[in-house]
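Here are my notes from a quick look through the model. Have it open while you read.

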Amino acid sequence: MTEPSQDRVRTGIRDAFRRIAPEVDLESIDPSANLREEADLDSVDALNLIVLLDENLGVEIPESDYDQITTLADMRRYLTARIPGG
Amino acid sequence: MTSSPRSTTGLPPLVSGSVLVWRGTLDPPPEVSALLDTALTPEERARADGLRMPAVNRRFRASRGWTRLVLAGYVGTAPGRLVFTRSPTGKPGIEGGPAFNLSHSGDHLLLAMAPEGALGVDVEEGRRLRDLDGLASRVFSTREREDLFQLPAGPAREAAFLRGWTRKEALVKAMGQGLSLPFHLITVDILQSKGSLLRRIDPSVTAGWEGDPAGWNIVDGGIAAPAAGAAAVAWDRPIGSLQVVDLPPDPASAAWMALAREM
């Protein structure tokens with residue numbers, strides 16, 4: 001049985017944060033608040049995050065979609081809808 | 001040379017054709033932190049309280065505090081009474097006030113100011129960058145990738161990536177845009193740090209820009225703190241000179257005490 005999409009997305013996001021910003025406690029982040037502000041990500045962190053999510057989950061996020069992903073909840077929703085095999 | 005708007009507190013004046021960059025730390029000594037906290041609005045304190053990671057909370061308070069404290073000195077109001085506007089794309093401004101733009105990365109803070117115009121600044125803390133291929137293929141132009149990969153793999157190449165990124169990001173921030181802009185359609189010089197560093201902007205990037213699309217300038221100016229990785233300033237006009245002032249020059253200095261009294 002394959003892991004549900006939502007779980008794969010959560011794991012992929014957790015792994016990406018562990019690599020770019022290991023100090024960030026995702027559990028303490030308000031999922032509906034601005035993610036860059038909540039996790040104190042600078043623009044290079046944000047770019048790294050996008051590249052890692054592609055690598056971890058096989059979801060390439062085009063620049064034109066970045067504005068749709070401002071919160072952790074947005075990110076989970078966006079990736080869950082597009083993850084291959086989801 | 002003209003000077004407008006005039007500083008009311010002995011702070012360095014904003015001069016036409018020049019950019020002033022305040023450079024500071026978001027981990028200041030306790031007495032400075034206490035001063036910065038008094039500059040926040042009740043809403044900002046509540047927002048900070050909602051940030052549960054201590055470092056994030058501290059940096060939020062310090063960046064907002066510094067921004068309010070410095071800008072209030074130029075506008076001539078109490079820091080907590082400063083009202084920020086937002087452009088349609090979310091870029092902060094002050095009605096009738098000077099042009100400014102803020103950037104922070106880690107504990108490094110830069111606050112760029114000018115009398116007028118569209119101004120952007122970016123600072124990025126130095127770090128190891130994995131997968132430079134993946135990063136550069138997304139955001140660098142062909143010319144920039146050629147420049148990048150002629151450098152030896154390792155710190156030199158990673159530093160050049162950060163230089164290129166901060167230069168593009170400063171321009172995009174000056175335009176009031178974010179990461180959603182196609183960065184690979186902007187070409188900057190990633191090898192040099194002297195003079196004007198903008199090589200080309202694809203017309204599609206500036207299609208909606210009301211100002212002169214040929215007027216943009218990007219400079220390095222040595223504004224990054226020695227411990228920071230890279231930084232750059234972009235302005236929609238020629239940058240005649242660039243002055244860097246460290247924060248706090250002295251928290252007990254006359255200028256800062258004057259600011260504190262105004263609060």
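1. Is A:Ser32 buried or exposed? A:Ser32 counts as exposed, because its relative accessibility is 58% (exposed is over 50% relative accessible area, buried under 20%, partly exposed in between, with a 1.4 Å probe and protein chains only). A:Ser32 sits in the loop between α1 and α2 (35-38) of chain A. Its C-alpha atom is 19 Å from that of A:Asp42, ten residues apart along the chain.

2. Some ground rules. This is a predicted model, where local features need pLDDT of at least 70 and side-chain atom pairs count only at pLDDT 80 or more, while totals for chains, interfaces and linings use all residues. Residues are numbered from 1 along each chain as its sequence is written, chains are lettered from A and ligands numbered from 1 in the order in which they are written, and side-chain values use heavy atoms, with hydrogens and water left out. Helices (H or I, at least four residues) and strands (E, at least two) are DSSP runs, numbered from the N terminus.

3. Now the helix pair in chain A. Helix α1 (residues 5-20) of chain A packs on helix α3 (residues 43-57) of chain A at about 135 degrees, with the axes 9 Å apart (axes are lines fitted to C-alpha atoms, for helices over the stretch in contact, and angles run from 0 to 180 degrees between N-to-C directions). That makes α1(A) oblique to α3(A) (under 35 degrees is roughly parallel, over 145 roughly antiparallel, 65 to 115 roughly perpendicular, and the rest oblique). Residues in contact (heavy atoms within 4.5 Å) include A:Ile13 and A:Phe17 from α1(A), and A:Leu49 and A:Leu52 from α3(A).

4. In chain B, look at helix α1 (residues 30-37), whose buried residues are B:Val32, B:Leu35 and B:Leu36. Seen down the axis of α1(B), these fall within an arc of 100 degrees, so they line one face of the helix (the arc is that of the directions from the helix axis to the C-beta atoms). The face turned away from the buried side of α1(B) carries exposed B:Pro30 and B:Glu31.

5. B:Glu44, in helix α2 (residues 42-49) of chain B, is one to check. B:Glu44 counts as buried, at 7% relative accessibility. Leaving out residues up to four places away in sequence, B:Glu44 touches B:Phe60, B:Arg64 and B:Arg68.

6. Lastly, a backbone point. A:Asp40 has a positive phi of about 55 degrees although it is not a glycine. A:Asp40 lies in the loop between α2 and α3 of chain A and is buried, at 15% relative accessible area.
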